[in-house]
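Subject: Structure handover

Hi,

Here is the structure we talked about. My notes on it follow below.

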Amino acid sequence: MTLQDYIKVFRHRWIVIVVCALVAGAATWFVTPASADTTKKIGSYTATATILVGSTDTENPVANMGRIPLYMTTGEIPRRAAAVVDYDGDPALLAGGLTVTPDNAAQAITVGATASDGARAAAVANAFATETVKFFREKPRPGAENVALSILQTATPIPVTNADGGFVVPPGRGPRTAIATVLGLLAGLSLALLLDRLDSRLRTRQEIHDALRMPIIAEIPRLKRSQRHRGSIAVAEDPLSNYSDGYRAARTALVHTTGQIMPGDYTPRRSAAGARPAEGARLVLVTSAHAAEGKTTSVANLAASFAETGQRVLVLDADLRSPDAHNLFDVPQGAGISDYLRDPSDDASLSAVVRPTSVPGVRIITAGTSLAHPASLASRMGSLLEEARGMADVVLIDSAPLLEASDVFDILPMVDTLLLVVRSGRLTEPAGNRVAELIGRFQVPVSGVILLGAPAKRADAYGYGYGYGENRQSKRKAKRAAKAARSRGGRATAGTRMVEADQVDAEPAALEDADREPRRTSSSA
């Protein structure tokens, strides 16, 4: 991965990164006490007694100390020392905790003991030192006959503090919270990279293009949350939005470009040369890889965009498993494609099931009411599509998803071009490769892909700050003009009253006339 790839992942998963950092920082803040104890912690105490070793032999002043540590840690001396300090356990265990160190050069032996209680450590060390001196004074011992012992220094407890080695966590709440936040940030970055590896969904234009091997002919921006479930046709109801302009870009690509055949071996695309010319309307199949990617909404908006250019548009709701196009066009479900295909009598006319819609210039043939066996009905649509060519200038076919139903494959060889709808974050890379493979096998001319919900910056959207911004300024001027006219006693003209009554849906030219109207009224007065 390049640096740009890492930045892209971190920008997409920024919520995960921020949450990890905040959780780590907040948890440390509440766990760490407000006033930290800065005193050194005492873990244990050590006490050391020193025994001088002399010799009773005047001819040999150097005593043999070899067996003295052995006598101190085994046998009689540990039993006596255990009785002195009231130790109820095995004396060998008590002696095992001693540190006996002979120093031949100084003719001395140090006896050290360690315990969590300082007085206890000193008592154990002094008990072993005292009993050792008594033990060797009683009588000569084998291997140490000429030894004379005396205590040079009794044991004194000395505290052992924790060593300050390596990295030490600052005791304050603020520094610890800062360190925890940085560690949480690093954990969030790692988690973001892991989720990106596990999540194969395609979101960006380049990712979708690489997986499908198809051109992206239009990018439809993500709608606001309040607009997502309105069930309306944006091109007809809000024609000046960037959302509507995206579908106009798709319409332009369909009109002025030639479909290209997807090869099955993923080599560069070749033009659909040799394809038979279509007589009459152009059949455009609109589909998607999965359900709920926006193909029906795209069909409705494409139909409205074609209709606003003066073309006659016919919509076929060929998604016989889940028909929904009639709801967008405010048409009740009734006799339609399935009923026509189930009764293909000679006297039956396709025009009998064609219905007008709420969008001028757009008609629809609904899925119908006989939807028991959609797969068998889709295989009979050849004659229906040929007859539909003569009924409009453009025929848009809303079909079932490619990867979820086999119906669409019976229609693919009959259409003039295919338009794929992909919603950002819904299609995975394996599914995209599968779609490209299937379309390549059928050798269907492909116009391209409409990308829905594409993340786009405001400055990248066509119309931002140009054209429509002027229109918004005209609306504001019209509002101020209407207010000024009312303050002059209601002398506003009919043009101004019209703009005041319908300020949102007025065309830019009408708004400019309304802007100039108060000036004419003022001059005539």
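The largest nonpolar core has 50 residues. Here a nonpolar core is a set of buried Ala, Val, Leu, Ile, Met, Phe, Trp, Tyr and Cys residues joined through side-chain atoms within 4.5 Å. Buried means under 20% relative accessible area, exposed means over 50%, and partly exposed lies in between (1.4 Å probe, protein chains only). L212, L314, L316, L384, I397 and L420 touch the most other members of this core. Take L314: not counting residues up to four places away in sequence, its contacts include V354, I364, M391 and V395. Contact means heavy atoms within 4.5 Å. Another core lies apart from the largest one. It has 35 residues, among them A218, V235, A303 and V394.

Some ground rules. This is a predicted model, in which local features need pLDDT of at least 70 and side-chain atom pairs count only at pLDDT 80 or more, while totals for chains, interfaces and linings use all residues. Residues are numbered from 1 along each chain as its sequence is written, and side-chain values use heavy atoms, with hydrogens and water left out.

Overall

The protein chain comes to 20 helices and 15 strands. Both are DSSP runs numbered from the N terminus: helices are H or I with at least four residues, strands are E with at least two. Of the 525 residues, 42% count as buried. Take the contacts with a separation of 6 or more: 80% of them join residues 24 or more positions apart.

Strands

Start with β10, residues 313–317. Five of its five residues are buried. Both faces are covered, with V313, V315 and D317 on one side and L314 and L316 on the other. Which strands does β10 pair with? One is β12 (residues 362–365), in the parallel sense over four bridges. Another is β13, also parallel, over five bridges. Two strands pair if DSSP finds at least two bridges between them. L316 stands opposite I365 in β12. L314 has V395 in β13 as its bridge partner.

Leaving aside neighbours within four places in sequence, V313 is in contact with A303, F306, A307, G361, V362, R363, A392, V394 and L396. The C-alpha atoms of V313 and D393 are separated by 6.0 Å, although the two are 80 residues apart along the chain.

Next, β9, residues 282–288. Six of its seven residues are buried, so the strand is largely enclosed by the rest of the structure. β9 pairs with β13 (residues 394–398) in the parallel sense over five bridges. There, L283 stands opposite V395. β9 also pairs with β14 (residues 417–423), parallel and over five bridges. In that pairing, V284 stands opposite T417.

Helix α6

α6 covers residues 118–138. Its 21 residues should span 30 Å at 1.5 Å a residue. The expected span is 1.5 Å times one less than the number of residues. The end C-alpha atoms are 31 Å apart, which agrees. D117 caps the N-terminal end: a side-chain oxygen lies 3.4 Å from the backbone nitrogen of A119.

Aromatic pairs

How many aromatic pairs does a search of the whole structure find? Six. Rings of Phe, Tyr and Trp (its six-membered ring) pair if their centres lie within 6.5 Å; planes under 30 degrees apart count as stacked, over 60 as edge-to-face and the rest as tilted. Y6 and F10 form a tilted pair, 6.4 Å centre to centre with 35° between the planes. Both lie in helix α1 (residues 3–12), four residues apart, about one turn of the helix. Y6 is partly exposed at 30% relative accessibility. F10 is partly exposed as well, at 25%. The rings of F135 and F136 have centres 5.5 Å apart and planes at 90°, so that pair is edge-to-face. F135 and F136 are buried. Ring pairs link Y71, F135 and F136 into a cluster.

Positive phi

Most residues other than glycine have a negative phi. Q107 has a positive phi, near 50°. It sits in the loop between β2 (99–103) and β3 (108–115). Q107 counts as buried, at 17% relative accessibility. Q443 also has a positive phi, near 55°. Its loop runs between α17 (429–442) and β15 (445–454). Q443 is partly exposed, with a relative accessible area of 32%.

Best wishes

Note on methods. A polar contact is a pair of N or O atoms within 3.5 Å; within protein, one must be able to donate a hydrogen and the other to accept it, and residues adjacent in sequence count only if both atoms are side-chain atoms.
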